[in-house]
Amino acid sequence: CAMAGRRRAENPALPSLLDDEKLSEWLQVNGFKESHIASIYRGLFRAVQQHFGEERAGGREEIQQEGALPPWEAISSLLGSKQLPRGLLELLPHAFSRGHLSLVDRLDSSDGVTTKLVFQLHDGHRVETVIMNHDSRTTVCVSSQVGCAMGCKFCATGTMGIIGNLTAAEVTEQVAYASAIELSRGRSPPRNVVFMGMGEAETG
Ligand code: SF4
């Protein structure tokens, strides 16, 4: 959306591991090669696939309680196999969090085609993500902002006004959740990502 949102409050917690700018900065400040970032994200994706990739009895509850990224032990062991420096693997969990979104609600349609997720952000606002499974192709529709500046009278989001934009890491984490959920029910992770049409009533 082209509408510039107000700045939301900074999250006081450790930065998200999905925040590539913070990760790149941290690697440089701590004397690690910035090029490790590609191995870290490849390892992270493998860790999500391995951890949630087989139908898991506790998958649904675990994702609700623990988030979309596997525990640090699973992440570290995958990253270790990528031959990242030992010091980096030891420091990472003390410098980053495994995400910032809390999954507060999940609604699965009775035909299994659509799943709606409601997330609470660190500043108390809520956003939605929708997973759509059509012809074995899964698409995830992510939110990019809280509220909407357009103010269409018929729309609940519009009555909020624009609160602010999500960070890139908050958008990426919605995709990570959708991947964990799809994998935990024996499906492939989403291959398409689209953005909710907030602020684009004329095109949406
Ligand atoms: S543009 Fe879309 S999200 Fe924004 S107020 Fe209008 S209908 Fe709601």
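Contact here means heavy atoms within 4.5 Å. The model is predicted: local features need pLDDT of at least 70, side-chain atom pairs count only at pLDDT 80 or more, and totals for chains, interfaces and linings use all residues. Residues are numbered from 1 along each chain as its sequence is written, and side-chain values use heavy atoms, with hydrogens and water left out.

**Exercise 1.** Determine where Glu 170 sits and what it touches.

Solution. Step 1: helices (H or I, at least four residues) and strands (E, at least two) are DSSP runs, numbered from the N terminus. Glu 170 belongs to helix 6 (residues 168-184). Step 2: buried means under 20% relative accessible area, exposed over 50%, and partly exposed in between (1.4 Å probe, protein chains only). With a relative accessible area of 5%, Glu 170 is buried. Step 3: not counting residues up to four places away in sequence, Glu 170 touches Arg 8, Leu 101, Leu 121 and His 122. Step 4: a polar atom of the Glu 170 side chain lies 2.8 Å from the backbone nitrogen of Thr 167.

**Exercise 2.** Describe the largest nonpolar core and the second, separate one.

Solution. Step 1: a nonpolar core is a set of buried Ala, Val, Leu, Ile, Met, Phe, Trp, Tyr and Cys residues joined through side-chain atoms within 4.5 Å. Step 2: the largest one has 44 residues, and those with the most contacts inside it are Leu 17, Trp 26, Leu 69, Ile 75, Leu 92 and Tyr 177. Step 3: the elements that each supply at least two residues of this core include helix 1 (20-29), helix 5 (86-95) and strand 2 (114-120). Helix 6 gives the most, with eight residues. Step 4: a second, separate core of five residues includes Val 130, Cys 141, Met 196 and Met 198.

**Exercise 3.** Show how the buried residues of helix 5 are arranged and what covers them.

Solution. Step 1: the buried residues are Leu 88, Leu 89, Leu 92 and Ala 95. Step 2: they cover an arc of only 135° around the axis, so they are on the same side of helix 5; the arc is that of the directions from the helix axis to the C-beta atoms. Step 3: Arg 86 and His 94 are exposed on the other side of helix 5. Step 4: the cover over the buried residues includes helix 1, helix 2 and helix 4.

**Exercise 4.** Classify the aromatic pairs of Trp 26 with Phe 96 and of Phe 119 with Tyr 177.

Solution. Step 1: rings of Phe, Tyr and Trp (its six-membered ring) pair if their centres lie within 6.5 Å; planes under 30 degrees apart count as stacked, over 60 as edge-to-face and the rest as tilted. The structure holds three such pairs. Step 2: the ring centres of Trp 26 and Phe 96 are 5.6 Å apart and their planes are at 85°, so this pair is edge-to-face. Trp 26 lies in helix 1 and Phe 96 in the loop between helix 5 and strand 1 (102-108), so the pair ties together parts 70 residues apart in sequence. Trp 26 is buried at 14%, and Phe 96 is buried at 2%. Step 3: Phe 119 and Tyr 177 form a tilted pair, 4.7 Å centre to centre with 55° between the planes. Phe 119 lies in strand 2 and Tyr 177 in helix 6, so parts 58 residues apart in sequence are tied together. Step 4: ring pairs link Trp 26, Phe 32 and Phe 96 into a cluster.

Terms used. A polar contact is a pair of N or O atoms within 3.5 Å; within protein, one must be able to donate a hydrogen and the other to accept it, and residues adjacent in sequence count only if both atoms are side-chain atoms.
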